[in-house]
Amino acid sequence: MCRIPPLKSKGATGTLRENSINIRGLRLFNTLPLHIRGITGRPTQCSRENWISTYKGYLINQAVIHTLGCEQLRQTAWLTSPETKKPGRRPNRRDAKPRKHFKMVSHNIVVAAATAVLGLLIGGLIGYFGIDAFTGGNKMISMMDEMVAKCVTDQQVDQRLAVKFLDNVKMMDKLVGDKWDSEPQLNHRIIQLVNTTNLRDNLKELSRRPHLAGTERDDQLANMIRDRFLKEGFDTADLVPYDVLLSRPNHTNPNLITLTDGAGKVVFTSAYTDTPIHEDDDDAEFVHAFNAYTPAGDMESEAGRGVVYANYARVEDFDTLEKLNVNVSDCIVIARYGKIFRGNKLLHAQERGAKGLILFSDPEDVAQEGVEPEKVYPNTWWLPGTGMERGTQNLMGDLLTPGWPSTAHAYRLKTEDAKLPKIPCQPIGYNDARVLLEKIGGAPAPGAWKGGLMGVAYNLGPELLDQYRSYRLRLNTHNSLQVRRSYNVIATIRGDVEPDRYVLLGNHRDAWGYGAADPSSGTSQMLETARVLGQLITEGWRPRRTLVFCSWGAEEYGLIGSTEWVEEHVNKLQERAVMYLNTDICASGPIIEVPGSPLLWDPITKITKMVPGVRNGATVYEEWVAFYAVRNRTSPKMETLGSGSDYGPFSFYCGIPCLDLWFRGDKNKYNISTYPSYHTGYETFYMMDKNMDPGFRIHQGCSRIAALTLRYFADSALLPYSLEHLPKAMKDALDALRKGGKRDKLISIYDKYSLLEESVMNFTDATAVFARYLKEKRTEDLDPITTRAINDLMMKLEQVFILPAGLPGRPQIRHAVFAPSQFDSYAASGFPGITDLLYNMETLTDTERQEREEQIKRHVSDLTIMMQRATSFLKDFHVI
């Protein structure tokens, strides 16, 4: 212990000369009631920091003394006081007041007064003097335990009061302690505990049967996951039901695509489900191939014409068709899956006047090494020609309760008033697509439009080849809408210090089929992460902040479970959520990809440096860097979020910082949108176990990263956001507008556009100042109240950019800076409102153009004000 020389006294009262000491920016005037002597031995000089720490230890000692009135503690402290008259002299029994003095005072008054003094002392110590006294370590607390125990024995003071005081002191230690820094051994323990056998067993059970949302098997898994959370020691685990609009095909009257000849004879009929290949592929409950929410319809082309090939059905693809004088109006369009969200493909076709859409997975995207049986599933991960991708046309939650939770009492729109697709759509495999494409005539497609079907010309149409001029193509679907109950599972590990601050982990549970990758690789990870953290709880750990684990229902139908839950708890989440970590598809390849809020880019990078590699690298980060080195980058490229999974409502509706953690295929080797068996009947446990992640090291890496990320944000006293990346990402988005030639157009529309750029620069400067302030401060330099205030400021910074009314035309997308593109919901976009409003302006009438320009002016003005608000938000707390 530091031994401090006695300070010179000005008299028996113990008043000291002024000797001001700067403690965390506050001046402490040493008009002290008492002075301190060394505890043992000859006094020696010590550092100013230790002097302050020891002095504050003395303050705690005094708190115990004055609270318990114990003479023995006074003697232990060797204090100078008016009672002793002589500085430094150890008080003797004659100096002390008689013990009967304590017995004469009413017990209730003592307890009440002591409790009041305790509150004042502890509050004053926290708010004024800071925290060094409480970071003195367990040694000081143990010493106080011993002294107070003796005092209680000697004085017969209410033991409950002593225990309560010690609990308060220990709570102070928790308030200022940073367990992430002080307990690094827990990180090694997490890495050690994540077990590949458990992950494999989890996935085998989860993917044993199809579990479409709203089915009996999906409900069984919800109950199983809830029970697992409780078994692992979670404080709560509840099923949360929502009654939501779902869509189903008719298994007794399947969706079909047919070709008929001039005599009306059916010469081709498409398959409506994936042909079983491996022994575990067949299940009577496996849903037929369909696109959810597309209407029942019976569309037929004219004889010999009326079929158009549209590549990936992107905006630019339809623009190309228009330039080539290929009219899709009143035609059935056939297009490839990939590149963009399937819902945007249908919307683009619908807007161009098509009457139906057929989607297929092209071998160029899903069978790059050949379509022969030995080169596809079950022998490799590539998709056979009978595989058909299912999927939704919706990403906005329950379509009958937009903006509001679909609780039992909620008002629901009529289905005819819901935003549903207007034309039918049906997926097929590439074997069936070949039959259709090889009959299309018309102009040849551009070179980049030609796919991997050997011998197929990929003509554009709309005419059929001469030999098929009597043929008609028919698209006949029988989908129906129905309200079904779907469950979320919400489980919590209560925080020990800040239980009202939430660190969330989410993964959806439902699948279009077996779902071995999407979502069950993520669910397997979440269950193992829960087990690991539960084990830490049994070993004495508890997080500083509350952990929330979320198993979402009905995600595949449009992020429904997460959206409804967020809409129900939006105010609480915006007030209390620290961050949300999403793990939809943990394992679909060996390369980590973690798009997210710029506030989280540095933290996730740090975590990847701690986790062993899933291939041959020492760490996941080393493997990540190696991937980008091939692309001439020295570090991983960080991206913001597009839509497509359950982070959507957290980020785009609430402004809560989010990450989407997954491992994907090596795009340096295969440049494909996603793994080949995505949403097909071949996304099985066998596929994962034999072809995608044998040994389950990718699953293990995903679970380790998830667990460490949760702990990093749950246990760090000061939240580890990377503030400076936020304005930099905004500046990059503005630079992209400039490079795309949009800046000049914006200035011609609104001469105050430059103010937006200026406000972004001001926000950049303010963020740099704030970040520099944090870097100069150590956690122990900040008292708990200031730490909490700083954390809340950083936690809510992105919420400044939430537009209450939403982006123009998109009320459920409210993040004005980072949100998905209107024309590809999977793609991220910086300042999406600007790019959306500039789209296609040259085709507008004069009146429409004037209206659009007014929208642009208003939106740019809104963005400028938001930037100014954000700059102000980073000022000192007392400054408005």
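User: How many disulfides does the structure hold?

Analyst: The structure holds 1 disulfide, a term used for a pair of cysteine sulfur atoms within 2.5 Å. This is a predicted model, in which local features need pLDDT of at least 70 and side-chain atom pairs count only at pLDDT 80 or more, whereas totals for chains, interfaces and linings use all residues. Residues are numbered from 1 along each chain as its sequence is written, and side-chain values use heavy atoms, with hydrogens and water left out.

User: Which parts does the pair of Cys 586 and Cys 702 tie together?

Analyst: Cys 586 lies in the loop between strand S17 (577-582) and strand S18 (591-593), while Cys 702 lies in helix H22 (residues 697-715), so the pair ties together parts that are 116 residues apart in sequence. Helices here are DSSP runs of H or I with at least four residues and strands are runs of E with at least two, both numbered from the N terminus.

User: Is Cys 586 called buried or exposed, and on what value?

Analyst: The relative accessible area of Cys 586 is 0%, and with a 1.4 Å probe and protein chains only, buried means under 20%, exposed over 50% and partly exposed in between. Cys 586 is therefore buried, and Cys 702, also at 0%, is buried on its own value.

User: What makes Phe 290 and Trp 512 an edge-to-face pair?

Analyst: Rings of Phe, Tyr and Trp (its six-membered ring) pair if their centres lie within 6.5 Å, and planes under 30 degrees apart count as stacked, over 60 as edge-to-face and the rest as tilted. By this rule the count comes to 29 aromatic pairs. The rings of Phe 290 and Trp 512 are 5.7 Å centre to centre with 85° between the planes, and the pair is edge-to-face. Phe 290 lies in the loop between strand S5 (266-269) and strand S6 (291-292) and Trp 512 in the loop between strand S15 (498-508) and helix H15 (520-538), so the pair ties together parts that are 222 residues apart in sequence. Phe 290 counts as buried at 0% relative accessibility, and Trp 512 is buried at 3%.

User: Why is the pair of Trp 552 and Trp 565 called tilted?

Analyst: The ring centres of Trp 552 and Trp 565 are 5.4 Å apart and their planes stand at 55°, so the pair is tilted. Trp 552 is in strand S16 (residues 545-552) and Trp 565 in helix H16 (residues 560-568), 13 residues apart. Trp 552 is buried at 0%, and Trp 565 counts as buried at 8%.

User: Which strands form the open sheet with parallel pairing, and in what order?

Analyst: The order is S8-S9-S10-S12, with 4 strands in the sheet. Strand S8 (307-309) and strand S12 (425-428) are the edge strands, since each pairs on one side only, and two strands are said to pair if DSSP finds at least two bridges between them. Strand S10 (residues 356-360) is joined to S12 by 4 bridges, and Gln 426 in S12 is the bridge partner of Ile 358.

User: How do you know that Arg 336 is buried, and where is it found?

Analyst: Arg 336 is found in strand S9 (residues 332-336), and at 0% relative accessibility it counts as buried. Leaving aside its neighbours within four places in sequence, Arg 336 is in contact (heavy atoms within 4.5 Å) with residues including Asp 362, Glu 364, Asp 365 and Trp 449.
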